[in-house]
Amino acid sequence: MAAHAHERPLGGQILTSGFKFLLALSAVWVALVLVRLVWGLNGPFGNDPLLSVSAQSDGYAWGIWKPLNVVTFTGIAAGAFAVGLVTYGFNKGEYHPLIRSCVMAGAMGYTLGGTSIMIDLGRYWNLWVIFVPQWLNWTSVLLEIALCVLAYTLVLWVEVAPSILEKLETSANPSTAAKAKKILPALRKAMPFIISLAILLPSMHQSSLGGLFMVAHTKTHPYWHTGWLPALFLISCLTMGFGAVVVIENLTTMAWKKKLDQPLLARLSIIPAWLTVAYLVIRIADVFWRFRDPMVQARHAAMGKPLFYGGFFLLELLVFAAAAAMLFSKGVRENRGKLLGAGLLLVFAGALYRFDTYLVAYQPSPGWSYFPTPLEILFSITLGAIGVTVYVLFVKLFPILSGVEATNAPDPVGGKSAASH
Amino acid sequence: MTITRRNVLKGLAAAGAAAGAAAIAEPAQASEGKYHQAPDDVGMLFDSTLCVGCRACQSACKVRNNLPTDSRSTQGGVYDAPLDLNGSTKNIIKLAQDGSAITYMKMQCMHCIDSACISVCMAGALHKVQGGITAYNAATCVGCRYCQIGCPFNVPKFEWSKSLPVVEDPKIVKCELCRHDQRGPACTEVCPRAAVIYGKKADLLAEAKRRVKLNPGKYFQDRVYGETDGGGTNVLYLSPKDVSFAALGLPTLPDEPLAKLSESVQHTTYKWGLAPVAIYAALTVVQLRARKNEDHGQKEEK
């Protein structure tokens with residue numbers, strides 16, 4: 001496809017000091033995983049607020065690793081879903097230049113999320129059972145998520161493959177180059193069938209990530225517990241995804257010599273503005289509608305702490321509303337810094353909604369509380385660092401980013417030898 | 001119907017709307033393969049007005065289920081004194097307070113007729129067995145702990161202190177009505193006041209109702225908890241008149257099973273896999289047409 005010729009590898013030195021720092025963080029993550037595997041999810045010191053690997057307990061069986069590593073990381077990764085939907089589902093080819101960067105970030109986000117889930121499993125060695133059809137329980141929302149996320153992660157890496165193959169085409173090794181030349185056209189031909197999966201699958205599991213809490217009627221605060229959880233999670237994953245695209249485009253432009261297509265991002269960013277409006281309308285109408293039910297009012301009263309729950313609920317609405325208000329302004333969309341601010345706000349709003357649903361709104365019964373331990377937070381940060389590490393490596397080696405200036409990579413398909421300053 | 005971009009949009013919107021609508025609409029029927037109460041189902045009846053808090057049931061449970069102690073040392077002595085259900089405790093007696101009124105509460109798995117834990121379990125590690133017992137099979141458990149999120153009574157517990165496969169083999173721990181033992185639940189066998197009794201669910205419900213009828217005003221709300229709560233449970237409760245079920249730790253539940261909402265949304269959205277297949281087909285057609293137009297345009301330019 002002609003449109004794909006715009007992407008170039010960044011080239012340049014790989015082992016920069018920043019990259020070494022990322023590698024060090026990644027090593028910390030590996031160490032934390034080893035501690036978890038040997039001593040369990042609480043770690044060698046049991047459930048201790050300072051020393052535990054995680055503060056998860058029988059009351060809070062899921063800690064921050066679910067809403068952060070899985071649901072927020074894949075929400076950011078949903079940039080691939082959001083831009084893919086617009087570019088292919090709605091045939092807006094103008095957004096093609098953004099696709100590869102999104103898909104790369106998406107592949108990393110989902111790989112990390114999936115990895116985090118597996119490490120969080122208490123009996124990970126049994127995971128194979130979810131591939132035995134006759135044992136499966138299709139009423140389990142989590143099963144749908146598990147299978148769907150695994151499939152989609154695979155699909156995302158297949159979507160990354162053309163970038164790698166394009167690089168291999170220019171390989172010095174003639175047999176590698178020949179193989180790449182053979183595979184590429186076939187893969188391109190199959191792409192529409194793969195891209196359809198790449199839009200269908202995330203719409204299924206991103207909604208289910210909210211649907212997980214529909215079963216917890218009495219434990220999820222009524223501001224958050226609703227049958228609309230799947231719809232709200234689906235819409236807000238798209239707004240997060242669009243926000244993440246703006247943020248990632250800006251970060252890559254700040255980090256490397258690369259042009260940013262501000263008019264393109266400005267045009268794209270009107271979509272999350274409307275989506276946010278849709279989200280807010282459903283969210284608010286739903287709360288009003290449900291609170292007419294005396295049982296819901298009773299649950300609200302029983303949970304208590306009106307300032308705590310009400311505060312988080314209002315904060316959430318405000319952040320979404322602020323993001324939408326910014327995005328509806330043409331001046332904001334066309335200004336790089338302001339649009340970046342709005343993009344960050346979109347990501348934050350989606351993340352807040354996810355944290356609220358999974359942890360703030362969740363109260364198993366009186367007496368239980370949860371706050372992540374330092375190591376638990378470090379686990380998430382270092383896991384994120386692995387994502388950045390691999391992303392940086394890939395955009396330097398393979399044609400993924402658009403608008404890369406020729407001085408960075410004189411050869412359209414570049415390489416490690418590309419001139420760096 | 002020709003497949004256009006607009007139709008794809010419609011399809012996506014319809015799927016979203018279906019999910020939402022299902023949240024409001026009453027599902028026509030319980031899904032096939034769901035558990036329904038059988039005449040032979042067993043359960044327990046706990047009458048809180050009879051319990052004296054001796055905890056004989058607690059130690060008998062540990063013995064019959066071969067559970068380790070949860071020891072605590074205080075004032076120079078060491079006691080097996082769990083504070084709540086946990087990885088080594090499947091049954092516990094707690095003091096319940098409602099204002100100035102106090103009573104004892106016995107907590108263990110409620111063996112819901114239509115258990116939320118079973119509905120959320122990915123590969124049937126939690127499932128129904130003969131007698132309507134909600135049973136656990138570690139062989140298909142991946143340790144996701146969604147059952148802990150789903151259970152409205154916070155019953156399933158995890159062995160957090162264990163980690164390694166085979167050697168430690170951490171599991172979900174919960175009462176299975178001593179189904180491994182011919183004699184039945186140890187707790188009901190040792191209770192000196194017959195505060196907790198074991199039998200067929202139908203008989204226990206009749207007995208509970210008889211007690212309520214014989215002693216009007218003795219029991220809270222003159223009703224049996226578990227008859228309809230959360231779709232009904234095989235373990236039934238009677239509470240003294242001045243101690244609410246909520247004070248016992250039994251949540252106020254709708255009369256339908258808790259998983260009904262998630263199951264109906266899931267079933268409506270994915271009915272016969274129709275919506276996903278339709279969306280997939282529409283997306284693919286849109287792209288193939290776009291690609292064809294693109295090729296066509298290029299040829300014309302030449």
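Reader: How many residues lie between β4(B) and β5(B) in their hairpin, and which residue in the turn has a positive phi?

Author: A word on conventions precedes the reply. This is a predicted model, in which local features need pLDDT of at least 70 and side-chain atom pairs count only at pLDDT 80 or more, while totals for chains, interfaces and linings use all residues. Residues are numbered from 1 along each chain as its sequence is written, and chains are lettered from A and ligands numbered from 1 in the order in which they are written. Helices (H or I, at least four residues) and strands (E, at least two) are DSSP runs, numbered from the N terminus. The hairpin of β4(B) and β5(B) has two residues between the strands, and Gly99(B) in the turn has a positive phi of about 65°.

Reader: How are β4(B) and β5(B) joined, and how many bridges join them?

Author: Strands of a sheet pair through backbone hydrogen bonds, either parallel or antiparallel. Two strands are said to pair if DSSP finds at least two bridges between them. Here β4 (residues 92-98) and β5 (residues 101-107) of chain B run antiparallel and are joined by seven bridges. Ile92(B), for instance, has Met107(B) in β5(B) as its bridge partner.

Reader: Which residue takes a positive phi in the hairpin of β6(B) and β7(B)?

Author: That residue is Gly131(B), with phi near 95°, in a hairpin that has three residues between the strands. Four bridges join β6 (residues 126-129) to β7 (residues 133-136) of chain B, and the two run antiparallel. His127(B) has Ala135(B) as its bridge partner in β7(B).

Reader: What is the order of the strands in the open sheet of three strands in chain B?

Author: The order is β10-β1-β11, with mixed pairing. β10 (196-200) and β11 (235-238) of chain B stand at the edges with a single partner strand each, so one side of each has no neighbour in the sheet. From one strand to the next the twist averages 20°, where angles run from 0 to 180 degrees between N-to-C directions and axes are lines fitted to C-alpha atoms, for helices over the stretch in contact. β1 (residues 42-47) of chain B pairs with β10(B) in the antiparallel sense over five bridges, and Phe46(B) has Val196(B) as its bridge partner there.

Reader: Where does Val166(B) lie, and is it buried or exposed?

Author: Most residues other than glycine have a negative phi, and most peptide bonds are trans. Val166(B) has a positive phi, near 65°, and lies in the loop between β8 (157-158) and β9 (172-173) of chain B. A residue is buried if 20 or more other C-beta atoms lie within 10 Å of its own, exposed if 12 or fewer, and partly exposed in between, with C-beta atoms placed from the backbone. Val166(B) counts as exposed because it has 6 C-beta neighbours inside 10 Å. Cys178(B) also has a positive phi, near 50°, in the loop between β9 and α5 (186-190) of chain B. Cys178(B) is buried, with 22 other C-beta atoms within 10 Å.

Reader: At what angle do the axes of α3(A) and α4(A) cross?

Author: They cross at roughly 150° and come within 8 Å. Angles under 35 degrees count as roughly parallel, over 145 as roughly antiparallel, 65 to 115 as roughly perpendicular and the rest as oblique. α3(A) and α4(A) are therefore roughly antiparallel. The axes of α5(A) and α6(A) come within 7 Å and cross at roughly 155°, which makes these helices roughly antiparallel.
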